[in-house]
Structures are given as structure tokens and as C-alpha cells.
Amino acid sequence: MIRFAVGAASDVGRRRTVNEDCAFVSERVVAVADGMGGHEGGEVASEVAIDVLRSAIVDQGIDSLAEAVAHANVAVWERSGEEGLRGMGTTMCVLAVVGPDADGRTSLALSNVGDSRVYVVADAELERLTEDHSLVEGLVREGRITSEEAAVHPQRNIVTRVLGIAETVEIDSWELEPRPGDRYLLCSDGLFNEVDESRIAATLRRLADPQEAAHELVSLANQGGGRDNITVVVADVVDDDGSVAGGFGDRVVRPRRDQVVDLAGFSSVIADRGHSAVDGDGAAAAAEEDDERSMLPRVAAAPREKGTGWFTWRSILFVLLVIAVFATAAGAVAWYAQNGYFVATDDDGEIAVFQGRPGGLLWFEPKFVESTGVELSELTPVLRDRIEAEPTFASFDEAEAYLANMAEQLERSGGSEPATTTTSTSSSITSTSTTSTSTTTAPSVP
Ligand code: MN
């Protein structure tokens with residue numbers, strides 16, 4: 001039974017913060033999609049395309065791989081009408097085992113749109129099967145630039161054909177002979193723009209385990225600069241006549257924004273099973289996994305640490321600001337509650353001066369300062385009403401002047417007894433504030 005032994009790895013790279021690549025691997029289908037578009041567009045486009053392709057294959061078989069890719073195109077195109085997703089698109093390259101048909105014949109189907117690539121290593125030679133649908137590839141075909149110039153061309157990221165831009169799309173398709181021992185490589189441009197083909201070929205020849213090879217290629221791309229997301233699927237054609245039971249299930253390979261660690265964990269699942277399917281050496285695979293796990297989080301950690309530091313710094317500043325605002329407000333309230341004077345009757349029913357606010361404010365009770373020794377009942381009704389209104393003053397001097405003025409009015413109104421009392425009262429008040437003694441006593445003692 002012809003199937004794939006698969007290794008897969010995807011990494012955000014060293015410059016980007018979002019991984020817009022997406023891959024799908026199973027024993028019969030492998031695919032890589034490289035999304036593009038602002039905001040979340042790129043992420044959504046590649047994920048939608050992979051999801052639709054996957055269900056189209058699972059539900060309807062893979063008799064027409066190109067048809068499944070066309071379905072994926074329509075799905076991305078329909079979603080691209082949504083706000084924030086306009087203009088999104090994705091590359092797609094997919095390789096599938098087709099058959100066996102009525103004659104018992106099994107073949108491989110390959111479809112491609114965009115500038116992700118499919119290579120095959122057959123008889124130790126690396127051969128590129130797909131043609132990039134990109135601006136620079138067109139220039140190379142026309143003989144205007146060399147492929148070496150294309151590799152470093154500033155506009156090498158411009159694609160001329162992708163899924164999701166129109167309702168229909170032209171799809172390149174091939175039918176291939178499945179030969180056990182052939183190794184297929186599907187990858188996004190984040191790999192071949194950073195690692196030259198001779199290095200890719202040497203790595204694919206050197207590492208027998210497909211998972212090790214996939215991880216190593218991602219690692220090389222990061223060492224080469226990691227300027228784009230990197231996604232690599234290595235699919236070895238095996239014919240084990242169904243003697244190896246089970247195998248791994250379908251997997252969508254796509255680390256989320258900051259989940260490279262999860263990818264490493266996921267990859268180890270593929271590695272262990274893929275490895276045992278090839279030569280059963282689980283220990284070596286596990287050791288390799290440990291190496292890779294320490295590499296991948298380190299690559300992803302840099303921007304995240306920066307983000308955490310920024311957040312902490314901002315949090316501390318914010319808390320300090322809040323504390324400062326509350327302290328200032330509390331200080332203002334305390335000042336307002338304690339500064340200021342008012343005139344009212346004390347517990348003995350005598351007119352007195354208090355510091356603070358009438359009735360108190362919050363937990364600040366008014367402070368008794370000085371009694372006049374004059375009872376409220378001794379006043380005329382008009383003056384009594386004024387005192388009962390508990391008039392407030394900004395300073396003790398003002399309160400004192402108010403009482404002196406009141407004493408003068410009381411004297412004029414004719415009450416002799418209260419007047420003398422008030423006079424003595426006034427002088428008793430002024431004893432606490434020498435500066436206003438004369439103003440208080442002068443009118444009351446003519
Ligand atoms: Mn890319």
C-alpha cells in the first residue's frame with residue numbers, strides 16, 4: 001500500500017510576529033499554504049484553504065485533486081468579502097496518493113498555485129517540480145534575470161497567482177508515478193529564499209528521518225535570516241503493503257502566533273510515529289526532539305519577552321499614577337475638611353467657633369476652638385437665625401470679625417446685658433489671635 005511517511009515543521013521565523021503559513025499532513029495527502037493579506041487576512045486565508053481542501057478530500061475522495069483546490073479557492077474568495085479580510089489570498093501546493101483504481105493502479109497527484117514549491121529527491125538528485133507564480137519567476141522565464149538574481153530580487157515576494165483573489169483560478173496539476181524511496185519536499189518561500197538548493201538537497205540526503213529533515217531545514221532557514229514564515233513538509237513514499245498498522249492521523253500544522261512550543265510538542269508526535277514507521281529507532285528521534293525544542297522556543301521568545309517587559313513597565317506606571325491621583329484627592333479632602341471655621345452652638349448651648357466643616361466631613365469631626373460664653377437664647381431672633389445657619393469662614397480671623405460685628409448689632413438693638421457679655425466674649429475670642437484684638441474690642445467698648 002502506497003503511503004507517505006511524513007515529517008513537518010512550521011515556524012514564524014525571526015522577523016515576523018505572525019505565522020501566516022499553514023500545512024496539512026496525513027498518510028495520503030500533504031499540503032502547504034502560505035497566506036497573505038493585511039490584519040488577520042493571511043492567517044485566515046491559508047487556514048480556510050487547508051480546512052476546505054482537507055474536508056473536500058475526506059468527504060469526496062481525491063479523484064480530482066484540482067477540484068478540491070478549486071473548492072478551496074472559492075471558500076477563500078467568499079471569506080475575502082468580509083471586513084478586515086479584503087484582498088487576502090494564499091498559495092497552495094498539495095500532493096496526494098490517488099487510487100488504487102479498478103486496475104489496481106495507484107498514482108500521485110500534484111497541484112500548485114502560487115510561489116510555494118514542491119521538490120522531489122529521486123536517485124539523490126533534487127528536482128523542482130512546480131513553477132512559481134511570481135513576478136520574478138516570469139522574468140526568469142523571459143530570460144531577463146537569472147535564477148540567482150531572482151533569489152535576492154527585492155520584488156521576489158510578489159505573486160502573480162494565488163487562491164482567493166477571484167472566483168476561479170488556474171491550477172497547475174501533474175500526475176506522478178509513486179516510487180518507494182522518493183522523497184518529496186513541500187515548502188513555503190521562507191525556506192528557499194534563505195537556504196540555497198544545494199544545501200536543501202544535502203540536508204534531505206543526509207537525514208533519513210523525515211521529521212529530523214523538516215526540523216533541520218526550518219533551523220537552517222532561521223540561521224539564514226528567518227525573514228519570513230517557514231513551513232516544511234517532507235513526505236517519503238513508502239510501500240509497506242499495509243504491514244505497518246495505524247500510522248498517524250490527519251494533522252493541520254500551524255503554530256499560532258506564540259505557540260512554537262506547542263508545535264514542537266505536536267511535531268514530536270509525528271516524529272515518533274514517522275520514525276517507528278521507517279526504522280523503529282524511537283530513542284534517536286526523542287533525542288533530536290529535545291534539541292529542536294530548545295531551538296524553536298528560543299526563536300519565538302524574543303518578541304514575547306519584549307512584550308511582557310513593556311506590559312510590566314506600563315502596569316507599574318499606571319498603578320503609581322492611580323495611587324498619586326488618590327493620594328492627591330485624599331489630601332485635598334483632608335485639607336478641605338480641616339481648614340475652615342464655622343460658628344455654631346456648643347454642647348452647653350453657647351455660641352462658639354469650630355474648626356472644620358459643619359456636621360463634619362467623612363471621618364473628620366469639627367474641632368471646638370473657642371466659646372463666646374453667650375447663649376443662643378440671649379440673641380435677637382434675626383441673629384439667632386444667622387447662628388443657627390452655622391455660617392462658615394475661611395479663617396479664624398473672619399469668624400472672629402463676624403462675631404464682633406454681631407456683638408455690635410446686638411448692642412445697637414438695645415440689649416445691654418447681652419451686649420456686655422458679647423463684648424467680653426469677643427475679647428476672650430481675640431485672646432487667641434492678638435492681631436485682631438483692636439478691631440474687635442474698639443466698637444464694643446466706646
Ligand atoms: Mn512566505
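Student: How much space lies in the largest pocket?
Tutor: The model is predicted: local features need pLDDT of at least 70, side-chain atom pairs 80 or more, while totals for chains, interfaces and linings use all residues. Numbering starts from 1 along each chain, and side-chain values use heavy atoms, without hydrogens or water. A pocket is an open set of 1 Å grid points where a 1.4 Å probe fits, with protein on both sides within 12 Å along at least five of seven lines. The space in the largest one, as filled by probe spheres, is about 450 Å³.

Student: Which residues lie closest to the centre of the largest pocket?
Tutor: The lining has 21 residues (an atom within 4 Å of a point). By class, eight are nonpolar, three polar and ten charged. Closest to the centre are R117, S147, A150, A151 and F192.

Student: Which element gives the most to the lining of the largest pocket?
Tutor: β7, α3, α4 and α5 each supply at least two residues. Four residues come from the top contributor, α4.

Student: Which residue forms a salt bridge with E131?
Tutor: E131 lies in the loop between β8 and α3, and the partner in helix α3, ten residues apart. The closest N and O atoms are 3.4 Å apart, and the partner is R141.

Technical notes:
Ala, Val, Leu, Ile, Met, Phe, Trp, Tyr, Cys and Pro count as nonpolar, Asp, Glu, Lys and Arg as charged, and the others, Gly among them, as polar. A salt bridge is a side-chain nitrogen of Lys or Arg within 4 Å of a carboxyl oxygen of Asp or Glu.
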